[in-house]
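Hello,

Here is the structure I promised to pass on to you. Have a look at it first, and then read my notes below.

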Amino acid sequence: MLELHHVEKLFLGDKGIHDITITFQSGEIYGILGRNGSGKTTLLKCILGLLEVDKGQILLNGKPACEQLQDIAFASADGSSLPYMKGKEYGQFLAQYYPSFSMEDYLHFLNRFELDAQERIASLSKGGKMKIELAAAFAQHAKLILMDEPFTSLDMYAKEDCIHAVLEEVMEERILLISTHDIAEIETIADGCLVLENGRLAEVFTMDDLHEQGEDLKTRLAAYRPEKDKENRE
Ligand SMILES: Nc1ncnc2c1ncn2[C@@H]1O[C@H](COP(=O)(O)OP(=O)(O)OP(=O)(O)O)[C@@H](O)[C@H]1O
């Protein structure tokens with residue numbers, strides 16, 4: 001279980017995230033949605049301990065998440081891999097740090113994503129770099145997997161592969177949080193979504209509830225379109 005209690009991280013000018021309280025159960029996939037600048041990446045970085053929170057608590061299975069980094073995987077479109085390494089070397093590097101990292105699984109995912117393990121990461125395309133991140137995140141066998149914009153640079157086939165891999169990797173003891181603007185993809189895989197607006201938790205819903213109400217993500221998110229935009233479209 002991942003619990004966030006009144007989490008706050010503010011940058012200059014009151015930007016960041018304010019008073020976020022939410023709980024995710026193991027076995028769940030949640031989409032983190034919201035307009036540009038709404039706080040999605042900040043939230044993920046706080047959970048990962050890359051940003052120190054100003055207030056609040058983040059607990060993974062009852063203990064501070066920042067003390068369990070071995071159990072948290074992060075795949076980001078910004079790239080956290082080491083570009084001067086070859087794909088295979090990067091896996092060997094990670095295996096030294098994460099006891100649960102499986103080199104066999106990592107190479108399996110590289111192969112599945114049609115990546116050459118001997119190619120230098122720096123020379124890969126944006127989508128190629130994202131695939132390295134995803135392969136590393138899946139191979140870490142972490143209890144919590146955080147993905148920041150995983151679909152953005154993937155082609156349609158790689159998106160499909162990624163979706164299948166995500167679904168295969170979800171297990172009872174694991175939580176996946178995916179920050180994304182790709183609502184078609186997240187609608188396919190998520191159990192639920194949370195929406196951030198100006199750094200605050202605007203709403204949380206399960207996909208079952210959404211569909212029972214006869215809505216889809218696109219219609220639900222239309223409520224967050226700025227008034228000016230709405231007027232221009234009418
Ligand atoms: N290191 C930082 N210093 C100052 N302000 C920051 C910093 N990081 C983020 N912010 C601000 O905090 C707010 C939330 O940013 P964040 O990157 O979390 O948004 P986001 O929802 O991930 O956006 P996007 O969809 O564009 O990726 C923005 O106003 C951003 O400018």
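This is a predicted model: local features need pLDDT of at least 70, side-chain atom pairs count only at pLDDT 80 or more; totals for chains, interfaces and linings use all residues.

Residues are numbered from 1 along each chain as its sequence is written. Helices (H or I, at least four residues) and strands (E, at least two) are DSSP runs, numbered from the N terminus.

**The sheet**

S1 and S4 are antiparallel partners with 5 bridges between them; two strands count as paired if DSSP finds at least two bridges. S1 also pairs with S2, again in the antiparallel sense, over 6 bridges, and there Val7 is opposite Ile20 of S2. The hairpin of S1 and S2 has 5 residues between its strands, and Gly13 in this hairpin has a positive phi near 80 degrees.

The whole is an open sheet of 4 strands, ordered S2-S1-S4-S5 with antiparallel pairing. Strands S2 (16-24) and S5 (63-64) are at the edges with a single partner strand each, so one side of each has no neighbour in the sheet. Helix H1 packs on the sheet and touches S1 (2-10), S2 and S4, its direction making about 65 degrees with that of S2. Contact here is taken as C-beta atoms, placed from the backbone, within 7 Å; axes are lines fitted to C-alpha atoms, for helices over the stretch in contact, with angles from 0 to 180 degrees between N-to-C directions.

S4 (residues 55-60) and S5 run antiparallel and are joined by 2 bridges, with Leu59 bridged to Pro64 of S5. The loop between S4 and S5 holds Asn61, which has a positive phi of about 50 degrees although it is not a glycine. Asn61 is partly exposed, with 15 other C-beta atoms within 10 Å (20 or more would be buried, 12 or fewer exposed, and partly exposed is in between, with C-beta atoms placed from the backbone).

**Around the ligand**

Which residues are around the ligand? They are Phe11, Lys15, Gly16, Gly34, Asn36, Gly37, Ser38, Gly39, Lys40, Thr41 and Thr42, where near means a C-beta atom, placed from the backbone, within 6 Å. Helix H1 (residues 40-48) gives the most to this shell, with 3 residues. By type, the shell has 1 nonpolar, 8 polar and 2 charged residues; Ala, Val, Leu, Ile, Met, Phe, Trp, Tyr, Cys and Pro count as nonpolar, Asp, Glu, Lys and Arg as charged, and the others, Gly among them, as polar.

**Two further residues**

His141 sits in the loop between helix H4 (126-139) and strand S7 (144-148). His141 is not a glycine, yet has a positive phi of about 55 degrees, and it is partly exposed, with 18 other C-beta atoms within 10 Å.

Leu107 belongs to helix H3 (residues 103-112) and touches Gly91 and Ala117, leaving aside residues up to four places away in sequence.

**The chain as a whole**

The protein chain has 9 helices and 10 strands. Its radius of gyration is 18 Å, close to the 17 Å from the globule rule for 234 residues, so the chain is as compact as a globular protein of that length. This radius is taken over C-alpha atoms, and the rule is 2.2 Å times the number of residues to the power 0.38. Of the 234 residues, 38% count as buried.

Best wishes

Key:
Two residues are in contact if their C-beta atoms, placed from the backbone, lie within 7 Å.
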